Amino acid sequence: MTSDNDRRRGLLARLRGRPVARSRGRRRLGAAVRLVAALMLAGGAYTLLAPSASAQDNPPLSGAAADGKALFDVSCVTCHGRNAQGVEGRGPSLIGVGAASVEFQVSTGRMPMARQEAQAQRKPEVFSPDEIDQLAAYIQQLGGGPTMPAGDNLHADGNVALGGELYRINCAQCHAFSGGGGALSSGKYAPSLSPATDRQIYAAMLSGPQNMPVFGDNQITPEQKADIIAYIQKSLNNDADPGGLFNLGRYGPSTEGVAIFLVGMVALVFASLWIAGKS
């Protein structure tokens with residue numbers, strides 16, 4: 001009798017426990033379904049939003065920059081790579097050099113470079129001014145960097161006297177007292193400033209080509225750059241011989257002093273011989 005009652009109680013307990021077990025299983029299944037649905041929803045949202053984020057990271061090129069890219073792909077990609085990141089042994093990266101560097105190198109004919117040398121030499125430019133602007137716009141939009149001011153006359157408001165002081169402090173060591181240039185180490189040299197335009201001088205100060213240091217706006221302000229350009233264009237390039245009376249390489253008074261000394265010594269020797277012969 002007792003055993004029958006125990007069996008009934010056990011059966012009732014098991015029957016009462018089944019709904020509890022079933023409800024727990026349903027809750028676990030529901031949580032799993034909700035988790036899967038949340039993951040699918042997050043994946044769908046990422047798929048929809050990811051292309052727009054990528055488009056923001058790589059904005060489309062402007063009209064001028066697109067034309068510049070077409071020129072770059074034809075004339076520059078061999079040495080500087082498809083993304084202007086440089087090719088080892090051929091050409092450096094152009095990321096971050098800015099429009100100023102492009103304008104200086106291309107407008108002076110130094111680029112495209114015919115062959116690898118110690119220093120790129122000035123040559124007649126290959127591209128027109130509009131094409132140079134397009135190349136500069138492409139490199140500027142690609143990686144940023146220093147930009148050029150507008151206009152061709154950048155020394156109109158410059159102070160020649162102050163520019164002369166700044167030139168003698170920052171430039172004369174390499175470009176010489178009269179702007180004629182001079183030799184540097186390892187086959188390199190500081191070029192003459194006589195053929196340089198306002199924009200080329202300004203771009204050189206911003207970009208620091210070859211061995212030239214960079215003179216950013218923190219080192220030399222735009223007003224001081226205008227002063228230096230005014231001194232170069234109005235004094236050095238317009239005066240016939242700022243270093244002395246004769247044009248002996250335009251390296252300043254040193255060469256003229258040496259020449260006068262040698263000529264004077266030879267004249268004195270011949271004069272002494274002539275006097276001795278007459279006496």
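1. Helices H8 and H9 pack at an angle of about 130°, their axes 10 Å apart, which makes H8 oblique to H9. The model is predicted, with local features requiring pLDDT of at least 70 and side-chain atom pairs pLDDT 80 or more, while totals for chains, interfaces and linings use all residues. Residues are numbered from 1 along each chain as its sequence is written, and side-chain values use heavy atoms, without hydrogens and water. Axes are lines fitted to C-alpha atoms, for helices over the stretch in contact, with angles from 0 to 180 degrees between N-to-C directions. Angles under 35 degrees count as roughly parallel, over 145 as roughly antiparallel, 65 to 115 as roughly perpendicular and the rest as oblique. Helices (H or I, at least four residues) and strands (E, at least two) are DSSP runs numbered from the N terminus.

2. Asp198, Ile201, Tyr202, Met205 and Leu206 of H8 make the contact with Pro222, Lys225, Ile228, Ile229, Ile232 and Gln233 of H9 (contact: heavy atoms within 4.5 Å). By class there are eight nonpolar, one polar and two charged residues in this contact. Ala, Val, Leu, Ile, Met, Phe, Trp, Tyr, Cys and Pro count as nonpolar, Asp, Glu, Lys and Arg as charged, and the others, Gly among them, as polar.

3. H9 (residues 222-236) also meets H6 (residues 160-170): the axes come within 7 Å and cross at roughly 95°, so H6 and H9 are roughly perpendicular to each other. On the H6 side the contact includes Val160, Leu162 and Tyr167; on the H9 side it includes Ile228 and Ile232. The contact of H6 with H9 has nine nonpolar, four polar and three charged residues.

4. H8 (residues 198-207) packs against H4 (residues 98-107) at about 130°, with axes 8 Å apart, which makes H4 oblique to H8. The crossing of H4 and H8 is left-handed. Among the contact residues are Phe104 of H4 and Ala204 of H8. Five nonpolar, four polar and two charged residues make up this contact.

5. The largest pocket holds about 830 Å³ of space. A pocket is an open set of points on a 1 Å grid over the protein atoms alone, where a 1.4 Å probe fits, with protein on both sides within 12 Å along at least five of seven lines; lining residues have an atom within 4 Å of a point. Grid points are joined across faces, edges and corners, and the volume is the space filled by probe spheres set on them. Of its 38 lining residues, His80, Pro92, Leu94, Gln105 and Met111 are the closest to the centre. H4 gives the most to this lining, with four residues. The lining divides into 19 nonpolar, 15 polar and four charged residues.

6. The second largest pocket holds about 500 Å³. Its lining has 30 residues, the closest to the centre being His175, Pro191, Leu193, Ala204 and Met212. H8 gives the most here, with four residues. By class this lining has 20 nonpolar, eight polar and two charged residues.

7. Two backbone details deserve a look. Methionine 111 and proline 112 are joined by a cis peptide bond, with omega about 0°; proline 112 lies in the loop between H4 and H5. Alanine 84, in the loop between H3 and H4, has a positive phi, near 60°. Most residues other than glycine have a negative phi, and most peptide bonds are trans.

Note on methods: A crossing is left-handed if the near helix is turned anticlockwise from the far one by less than a right angle, and right-handed if clockwise.
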